Every structure is written in C-alpha cells, then in structure tokens.
Amino acid sequence: MIAYNTGVVLAGASFLGASSGLIGAFALLRRRALLGDTLAHAALPGLCLGFLAWGERSLPVMLAGALASGVAGIAVVAVLRRFTRIKDDAALGIVLSLFFGAGLALLKYIQTHAVGGSRAGLDHYIFGSAASMIAGDVKLIASVALVGLAAVVLLYKEFRLVTFDAPFARVQGWPASLLDFLIMLLVSVTVIVALPAAGVVLTAALLILPAAAARFCTEWLSAMLVLSALFGALAGASGTMLSAGGGMPTGPMIVLAGATIFLSAMCFAPRRGILARALADRRLRRRIDDQKTFLAFQRLRVPAGAAGMTFDALRSEVTFSPGRLRRALHRGEREGLLVGDGATWKLTEDGHRRVASLARAQRLWRAFLVEYPDLASTFADLDMERIDEVLPTEMVAELEKI
Amino acid sequence: MCPRQTPNDPHLGRSLYAPCALLLIVIAALLAGCQEPANGSSAQTKTSAGQQFDGEYPIQVVTTTGMVADLVEHVGGVQVKVTPLMGESVDPHLYKPSGGDVARLNRADMIFYSGLHLEGRMGDVLSQVARHKPAYAVTDELDREGLLQVGSETFDPHVWFDVALWRDCLALVEKSLVKFDPSHADDYRGRAESYRAELSELDDWCREQIAAIPSERRVLVTAHDAFHYFGRAYKIEVKAIQGISTQAEAGVGAINELVEFISRRKIKAVFVETSVSERNIQAVVEGCEARGHHIQVGGQLFSDAMGAAATPGGTYLGMVRHNVNTIRRALE
Amino acid sequence: MSTVQGTGSELPGADAVAVGKTPSAARQATSDPAPPVLDIHDMTVAYHRRPVLWDVDLTIERPSLVGIVGPNGAGKSTLIKAVLGLVPLASGKVQLFGQPAARQRQLVGYVPQRESVDWDFPVSVLDVVLMGTYGRLGWFRRPGRAEREWAMECLRHVGLADFARRQIGQLSGGQQQRTFLARALAQRAEIYFMDEPMAGVDAATERVIFSLLRELRESGKTVLVVHHDLRTVPVYFDQVALLNMRLVAFGPTQQIFTNDNLRKTYGGRLDILEAAGQALADERRSV
C-alpha cells in the first residue's frame, strides 16, 4: 500500500504527464515546442495581478489571471510573427522575457507594499511543488486532461490538417487560424493548470520530452499521440515513485524520468533511433563492401580451380581500406563462398554463383541507366542485388535482352 | 588592435591574431577574478570601521529583516531612524534586492543585517556596501559553539527564535552604535541594558509556557525548518517539511514521513508560517485525514518575518508572545 | 485510364454536383450566358509599398488549360495565392463562376509547391490524399470507407496505389508531387490551381502530370498552372498568361506566345528567348 500523499501525487503527475504529452505532440509538430516555456513565464504577471485585484491569495482568481496573461503572451507572439519580420524563436524569447520581467516587477511590488492578506509563496508558482499536490489539484488536472482528450478526439482530422498544411486547409474553407489558436489554447490551459503543482521548468519539460521521445518511435500521428501521452504518464509516475522512495524533490525527479525516457527512445527506437540507424548503415556498408569485393574477383577473372587471388591483387582492385577488405573476405569465408589460406583467396562454387549474379545485376543496372535515364533518380538502388525487387519484372526481362 | 598586413610581410597581420586573442583572454580573466567573494557575514571591514557619525540626527539605519530593525531601534531610540528592507511576510532566504533597495543601502549611515547567510541572495550587495559604510551582522560575535551547525561550515541562521541568543546580539549593536556615535554612548548603553532585562524576562516566560504543554504532545510541526533554536531553548520537539532554507523543494517522501510521524504520535495541530507557502502543510493535513487522524492548522506563526508595523506582531516581543501563545493554545 | 471525375454517382451518398454555382447551375438560374470560369479584376497585391502584382485583369471564359509564366519573382505564385485568399489583396476583385471566390471553396482544387510542407510529418500517402475529402465532410466527421475508396481511386490514377501506406518522407520528389495531385483530385473541383507542379520531377512524373491535365480539361475542368519551363509551354497549354508584376499578355498560346511578348515579359534575356524561339519553331514544324 502506498501512502496517501504518494497516491495523490502519482495520480496528479500521471494525468499531468499524459495531457502534456498529448498536447505537446501537436506543439512539437508545429515547431512551437518552446511555447510551453514561454507560456509559463508569461503567466506570472497575470498571477500577480489576480492576487492584487482580489486582495488575497485565491487560487481560482490567480489561475484565471495567469491564463489571461498567458494567452495574451501567445497573442503577442502571433502578432509579431504575422506583422513583423521577427521569426518564431525570437518572438517566443521576446514575449517570455517581457512578460516574465513584468511579472517579477509586480512580484517585487507585492513584496514591498502592505497589500493585505498573506502573500507568502507567490513565487512558488514559478517553481511549483509537485510533492504537495492535494486531491483538489488532481481533480483540476484530470478534468483539463479529459477536456484536452475530448478536443483531440473530436477534432483529430482538423488538427492534423492544420498542423500539416495550413494553407491547404484555408483553401478548403477551414478557419486555420482559429484551429491553430484552439491548439495553443489547449496548450495554455494545460500549462497554467500545471503551474501550481509543477512550476515552470517541469511543465515546459513535460510538454516537450514525451512528444520528442514518441517522434522517434513511430511514423504515424495517431501512434505518436498515444505514445506521447503514455510516455508523459510514465515520466510522472516513475518520477513520483522515485521521489517517494529516495527523499529527492519530486518535480526534478519527474523531469529526470522524462529525460531518461527521451534519451532511451532516441538511442534505442527501432528504425529511427540512433542505434538502429547506425546498425542499418553498417549493414548496408558491409553489403556494399561484399559486393565490391566479389566484383573485384570477377574483374581479375579468376577461373574455377586456379591458384587464387592474392590479397594485394584484390586490394588494388578495390577502393576501401585493407581492414575492410579483410573483413569482407572473412565474411565470404564464413558464408562458404570463399576459401582462404592466409595469403590467397579462392572462390568456391557458391562463390562463383554469387559473382555471376552480381555481374548480371551490374550489367542490368547499367542498361537501365542508359535506357531509362528519366527513371534513374526514382529507382536506382545502391544495393545492386535488389534489382529484381526494385524494378518491375517486364522491365528486367527487357533489359536482359540488351 | 592588431596591425594590418604590411607590404613587406603579408603574413605579419595574421600571425599576430593569436597573441592578440590571448591578451584579450588574459585581461578578461583578470577582470573576472577581481570580484569580491560572495559573503554575507564578515563584512565588518577595516575600511569602514573607523568612521564616525557627523551628520544630522537621526542616524539613518537600514536593516534587512524586521527583527534586526527591532533590535537596533531598542538600542538607538530617538537617535536613530531604522528602515527594514524586508517587510511582513517576506521570505529573507529568497529576497532579491531591487535597485531601490541598493539605493537605500547606499544612502544609509549604518547598516545592520542578520548574517549567517540568512539573507541568501543579498551576499554580493551587502559586501559591496560594506566596503564604504559601517555594516554589521548582528550575529557575528555569537559564540559559534552555541550555534546549531548545519553543514561543515554553515550554521542555522534562525537564532532569533532563542530569545536568550537574540539578547546576546544586543552587545554587538550597542558596541557598534557607541563606536559610531560616541556622543550618545550613555543613552545607548542604558537602553541596551533595559532591553536586555526585558528579553531575559521574555526568555523565562517562554520556557514556562511551553513546559505547560504535556510532554507527549509537545511537538511543533511547521512548513520549513526554522524552529530548531526554539526547540532547543524551550524543550519542544521540532519537525518540518522543507529544509532550512525555503529555496529547497520538498519531496513526496518527506511529506510521507511527516504524515506518518504525526499520525503515530497523535499530534493535534500543525502550523503555517506567514512567510512561507501553505501548500506543503495542506498536503500533510490531507494525508493525515486520509489515515483517519484528524489534524487542524493550529494557527499562523511568524517565522522569518514579523507582523505588520502597527500590530502587536510587529515587534519582536509581540511576535514571540504571539507564537508561544498560538503554540500553547493549539497543542495543549 | 478511367476518367477521374464522373458525375459523382460512383460513390454512394456523395453530392451529385458540387455545392456551389457551376456554369450549368448558373445558366439554369438565369437566362444569361455562362459566367466566366475565373474573373480577376484590377488585382493588386503589395508588400508595404512594393507591388508584387499590379492592376492585373484576367478573365478565363471557358474551361481550359492555362499556363502562367514569367521570370522569377514575377508574382506567379502570388497570383494563385491571391485568388485562393491566402494573401490579402491591396485592391481588386476575384470571381469564380460568377460568384465571389471566397464563397466557391467547394469548387476549388489546390496543388501547392512541394516545399510548403514538412515531409517528415508522420502521415501516410493515403492520409494526405484523404485530406482532399475533408472539405465535404464538415466538422468532427471522420473520413469513412467511401472516402477511403475514392482516395485510393485518385492514387491509382496518378500511379501511386502501391505507395498508399508509405510515410510521405520516404517518397521521391516526383512521387511527392503526385501525392499532392491525387489530393487535389480528391477534392473533386471544377477549377484547379497548381503551383509549379513539374518543378524538379523526373520525366515519368512529368508525363503523368501532363496526361492528367489533359484529361481534366477534356472532362470540362479548368486548370491554372504556374509553369517554369518555357520550352514546354506550347506543348502543354491552350492559353498562356505572361506575367511580370503586370499581366503582359493573355490568350491562346498560338497567338500570345510570341517573341515580342516574351521580350516584354523577360526583358530581353537572350538565352530564354532562344530556348523559347526554338520551342516555337519545333512546335510549328510538328503541326
């Protein structure tokens, strides 16, 4: 049984992670991943004004103020981008510093003037305190998460269209700017609601990290959204449990968990991950080395049963390093295509067959490039032996005749 | 800065780039190295120690916290006008001075601050000012043996919770004022003496009051860990959520521990502080309720700041009395 | 190849005719002769004080294949974007089939430049083509089986049926262009606007595109194409618009695509004129 507080934080952090991940995916694809950071910073003046207007610390009033100034910040970003030459990154930076500076000034004013009511801990809304989530916080976060989910489900095709190709959407008659604003509004609400619990840094991280991790893992938007929400929830949950066990502050642990998930996805994701790409590249390079090595045999015209080729002779026929040549030769030996005795290498029967097939492929590709120069860029494949898979059969048959 | 290419030696310009760059780097490093070390405490520097007051009364004194202001006022009386930078409900651990604050510090005749790194973010400013003004940390002459140690070289700065310790700070204030304004030395000494007596009386009263709480319920649970001196002086157990400085964020593990502790010992009340956010306390209360242990917020304590100027909580004496009364009422 | 746009009756439940005023519907409404397909009047588009398009008047009376050519920066893309409402007009009026362009969205198909989109976006070829059907679905509705089949039909028509499930980043340039075309086809428009569809594609794709354009015109659609290769203008287009901030000339290719007009448009750049002249000569010889 876990402690009550741990349970509360667990639920809150998981919901927060899931909703941030979901919405963050759209922000990421829109190239506005840092919007969450800007929003959180832009919320500060609204928080302070809410406090000043109400006279004391009331969470709903302050959050409403935070939302208003956060949204105002985003509107300013949009205006800057549309009517001036300032680009996205600069616009975000400008709004962030402008609003946050104003917020700090207001905070200072509040600190030094007796305005009644306890004003302690106002700046904790910047840093947040995930560990002290109470049931009320979790309810708010969960409802916002559900609203976000409903919006994404209902407007999935609209959001996808506007994120992918906004001008086309406009031509079709969709209110592209409105839809864009709606997405940003969802981001805003998620961020603002997260602020008291999570603070600025954590919210910005939760918006970016799960989405970026999910991007590595899939090529489909729907899968990316689901994964992003899952990764976010996972980061929230594991960060909470680690913090409960070890005594480390909860917010930073959640960020660390999120970062770990991202790094793992970046390195180990199938096909798009760094490791997978490196392995695929290595596999391809080996195949090419092998093919070139065998073609070298063919060029030197080794008849079956002859004494075999010396290493140096082979080396003069290929353009890559002796180390790579040696490895290729050993690979051929392991596959039963070659027989070597240290100094010379001989083709086996299987080896001869391989050489013949390669020579055929090379001949056919050359013919293809001559006969169909216009198709070259579409179909040419560095891995020569794939010619039968890549080109249609009739075309191959035609090329054979040449 | 670097000479152009000369007709005779076209490579001269290029070969001087490296030495020029090196020179720039060395200059930059020297400039950077010439900074004052960030230090709050021993700013009682040689340059300003010998100064004496020769202006118009009252002497303009600027302090950091209200508690220090209170101390100086009781010694300086009509001869001083004391302005604290931090008002009610301000957290001195996190307080960053504004341009106005720095100006005020520069206009002051004397400066007093708490010291022991309480004013965590003002170290640079204070050491800057100390170079041309008399600036004193009131805790500087306290015997380090009597302080609570936190790290290898750092001490818990919340000494004003132990009235006796705070009373001992009077000596330094008295001495500094006398040195700065010898013409009123007798006034200062007199006032210090009488306030010293008041504080001793208060110290005894506190001990008596707290002792009246039954021992098994004598536990003080607060938001941040400021009350250790209080606990040691008046024999009450002290527990908190956040650490010594409010700059550190709490972990859910710490909250769990506290909930467990409170429920086990059946403590009746926890306390919020005026200068610290209540969020952590709220979470603890909810956690205890979930375990079936009913707990209430016993009241608001003054921890790192005093109350508003015109209220009873706005003086040191009033603040201590309020705290002790609140604690006793809630825990008895 | 089958015709791309039937009457719409292959797909159950689809609108028989696009919602919006087409020539036939307009003719039924009044006894006037059919309004022009596209009517641009006094269009000016500017960036602050610098005009990009200046006082352009262009009317396309009947369905035809129109090429828009001009030097770089002449405003060709801008013309299309202005008609479609993607850039604001400093002045002027645009009508499609007798009605303001903004109200005729259902009749419009659009093929933007390839660079306008992030090809790394996680969607498949089929997903992109399906986007062409969104205009008729309205809010909240998802594309269903009918839309999916229609999209596959369009893909088959451009020769990309085998690539339906590929992520768009894995396509070659020509295939990407064809995806955009299939999407436009899926829109079931009466008038198509294409922004440099043949730029940077292989010859096979160019042939596919061109035969598609021909088909569209034969089934009564209008296609406006911003084109970059002067040599192929006489081969591809019925009418040509020569644009260089102002409309230099517009009309049937035979009449308008002359050395004189080209000089007025391009300002005497010999290499272009030579290539164009060569093209004209070849065309005349083959007729």
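This is a predicted model: local features need pLDDT of at least 70, side-chain atom pairs count only at pLDDT 80 or more; totals for chains, interfaces and linings use all residues.

The axes of helix 8 (residues 170-180) of chain B and helix 9 (residues 185-211) of chain B come within 9 Å and cross at roughly 170 degrees. Over 145 degrees counts as roughly antiparallel, so that is what I wrote down for helix 8 and helix 9 of chain B. On the helix 8 side I found L170(B), A171(B), E174(B), L177(B) and V178(B) in the contact. Helix 9 of chain B answers with residues including Y188(B), R189(B), Y195(B) and L199(B). I sorted the residues of this contact into nine nonpolar, three charged and no polar.

Next I looked up the cores. The largest nonpolar core has 153 residues, and helix 9 (residues 176-217) of chain A gives the most to it, with 16 residues. Among the residues with the most contacts inside this core are L38(C), I191(C) and F193(C). Leaving aside neighbours within four places in sequence, I191(C) touches V37(C), L38(C), L96(C) and F97(C), among others. I also noted a second, separate core of 102 residues, which includes L71(B) and F227(B).

Most residues other than glycine have a negative phi, and most peptide bonds are trans. I found a cis bond from Y57(B) to P58(B), with omega near -5 degrees; P58(B) sits in the loop between helix 3 and strand 1 of chain B.

Is R188(C) buried or exposed? R188(C) has a positive phi of about 55 degrees, and at 16% relative accessibility it counts as buried. F140(C), with a positive phi of about 70 degrees, is partly exposed at 46%.

How values were computed:
Residues are numbered from 1 along each chain as its sequence is written. Chains are lettered from A and ligands numbered from 1 in the order in which they are written. Side-chain values use heavy atoms; hydrogens and water are left out. Axes are lines fitted to C-alpha atoms, for helices over the stretch in contact, and angles run from 0 to 180 degrees between N-to-C directions. Helices (H or I, at least four residues) and strands (E, at least two) are DSSP runs, numbered from the N terminus. Angles under 35 degrees count as roughly parallel, over 145 as roughly antiparallel, 65 to 115 as roughly perpendicular and the rest as oblique. Contact means heavy atoms within 4.5 Å. Ala, Val, Leu, Ile, Met, Phe, Trp, Tyr, Cys and Pro count as nonpolar, Asp, Glu, Lys and Arg as charged, and the others, Gly among them, as polar. A nonpolar core is a set of buried Ala, Val, Leu, Ile, Met, Phe, Trp, Tyr and Cys residues joined through side-chain atoms within 4.5 Å. Buried means under 20% relative accessible area, exposed over 50%, partly exposed in between (1.4 Å probe, protein chains only).
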